Amino acid sequence: MQAPQWNSLIAGLTRPHLLQTAQWGLAKQPFGWTRHYRTWEDASGQTVAAAQLLQREVRLPLINRRLCMFYVPKGPTLADWSDADLRRRVLTDIKDYAADHGAFTVKVDPDLPLGYGVPGEEGARDNPDGLALREDLLAAGWRYSNEQVQMPNTQLVDLTHSEDDLLAAMKQKTRYNVRLAGRKGVEIRRGTPADFDHIYEMYAETAVRDDFVIRSEEYYRTVWDTFYEAGMLIPLLADVEGQTVAGLMLFIFGQQSWYIYGMSRDAHRDKMPNYLLQWEAIRASKEAGCHTYDLWGAPDVFNESDPMWGVYRFKQGLGAYEVRGLGAWDFAIQPEVYTAYTQILPRLIAVMRWRGRRQTAGQVAGIDA
């Protein structure tokens with residue numbers, strides 16, 4: 001199936017996610033992943049569910065053979081999550097498909113909320129479909145994954161309101177900083193692939209400053225080029241006095257947009273470029289016909305002990321609301337191998353993160369030299 005066909009197919013289902021698009025599978029292909037498309041039809045032949053499964057081989061110390069694993073990023077996608085028979089059929093078929101291809105485990109990560117708002121606070125509510133799917137997973141032997149590739153929770157901005165109403169819904173300080181950035185001479189422009197080298201440099205600086213791990217420049221260039229060429233990526237850059245000081249990558253699919261990568265330099269941070277960037281991302285999303293803006297990530301625990309608390313408060317200021325996600329779930333097709341894998345994996349991740357931080361810090365030092 002060609003990319004436009006697949007994207008058109010999943011666009012007709014409920015809550016199709018960016019990571020289920022053909023472009024995501026194509027971008028992952030150079031890095032060891034093989035994509036598989038699966039669909040489910042009803043009695044009339046209409047597609048009622050779909051999943052892009054990514055397959056890769058891994059070799060771990062102490063296990064002297066190649067291992068095959070499957071991952072369904074932010075999927076599967078269903079037309080109707082309240083259809084219990086369909087939910088269970090899709091989960092069973094995904095598990096069986098992975099087993100038929102020799103996988104020792106398969107991970108699903110449905111983009112289905114468990115609820116909205118902060119538990120215990122006014123307005124918080126559960127999502128019955130998400131709770132029902134969690135029960136299905138538990139009953140079928142799936143387990144909540146120790147390896148959450150994506151952040152389970154996120155924050156969304158409802159874009160169906162007017163720009164005036166969206167500004168009014170922001171926290172007062174956020175709204176003030178949006179306007180302050182404009183008065184201080186911050187200018188927002190749309191970038192092109194010619195800016196990608198500089199964008200990655202800023203992203204690496206951000207990673208070192210804020211102490212998080214990023215992938216290679218080749219990886220991000222592949223993702224950005226793939227989505228940009230498909231018309232699904234808008235790079236937004238903030239300039240002050242001719243110097244680019246901040247940016248974000250705005251991804252668009254269907255009626256939703258995503259803020260996945262953000263970056264900034266230390267220069268001119270007092271002029272609040274990130275606030276104006278987010279406002280322009282909201283405006284660009286509305287212009288593209290989006291109804292929802294996903295700010296990509298929220299704390300696992302909604303209190304000040306969570307390391308994402310500061311980022312959460314920034315996003316909350318934009319008028320975003322909390323979405324508590326179901327998270328990723330594993331099925332151990334080969335339980336003994338899966339157990340060994342889950343015991344070894346945390347050590348490998350710790351080593352890779354340490355190496356990644358050192359490599360990124362070295363790159364940034366080279367850039368500054």
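Select Met272, which lies in the loop between strand 13 and helix 9. Helices (H or I, at least four residues) and strands (E, at least two) are DSSP runs, numbered from the N terminus. The model is predicted, and local features need pLDDT of at least 70, side-chain atom pairs count only at pLDDT 80 or more, and totals for chains, interfaces and linings use all residues. Residues are numbered from 1 along each chain as its sequence is written, and side-chain values use heavy atoms, with hydrogens and water left out.

Met272 has a positive phi of about 60°, although it is not a glycine. Its relative accessible area is 24%, so Met272 is partly exposed. Buried means under 20% relative accessible area, exposed means over 50%, and partly exposed lies in between (1.4 Å probe, protein chains only).

**Second stop: Ala181**

Next, select Ala181, which is found in helix 6. Is Ala181 buried or exposed? Ala181 is buried, with a relative accessible area of 0%. Leaving aside neighbours within four places in sequence, Ala181 is in contact with Val186, Lys271, Met272 and Leu276. Contact means heavy atoms within 4.5 Å.

Which residues meet here? Thr174, Asn177, Val178, Ala181 and Gly182 in helix 6 meet Tyr275, Leu276 and Trp279 in helix 9. The residues of this contact of helix 6 with helix 9 divide into five nonpolar, three polar and no charged. Here Ala, Val, Leu, Ile, Met, Phe, Trp, Tyr, Cys and Pro count as nonpolar, Asp, Glu, Lys and Arg as charged, and the others, Gly among them, as polar.

Helix 10 is followed by Gly319, which has a positive phi near 90°.

Move to helix 4 (residues 128-139), which has twelve residues and reaches 16 Å from its first C-alpha to its last, close to the 16 Å expected at 1.5 Å a residue. The expected span is 1.5 Å times one less than the number of residues. Gly130, Leu133, Asp136 and Leu137 are buried in helix 4. They cover an arc of only 115° around the axis, which puts them on the same side of helix 4. The arc is that of the directions from the helix axis to the C-beta atoms. On the other side of helix 4, Pro128 and Ala139 are exposed.

What do the buried residues of helix 4 pack against? Their partners are helix 3 (84-100), strand 5 (103-108), strand 6 (113-116) and strand 16 (329-332). Just after helix 4, Gly141 takes a positive phi of about 95°.

Select Asp111, in the loop between strand 5 and strand 6. Asp111 is buried, with a relative accessible area of 14%. Not counting residues up to four places away in sequence, Asp111 touches Arg15, His17 and Lys74.

From there, select Arg15, in the loop between helix 1 (3-11) and helix 2 (22-28). Arg15 has a positive phi of about 55° although it is not a glycine, and at 30% relative accessibility it counts as partly exposed.

**Last stop: Pro76**

Finally, select Pro76, in the loop between strand 3 (67-72) and strand 4 (77-78). A cis peptide bond, with omega about 5°, joins Gly75 and Pro76.
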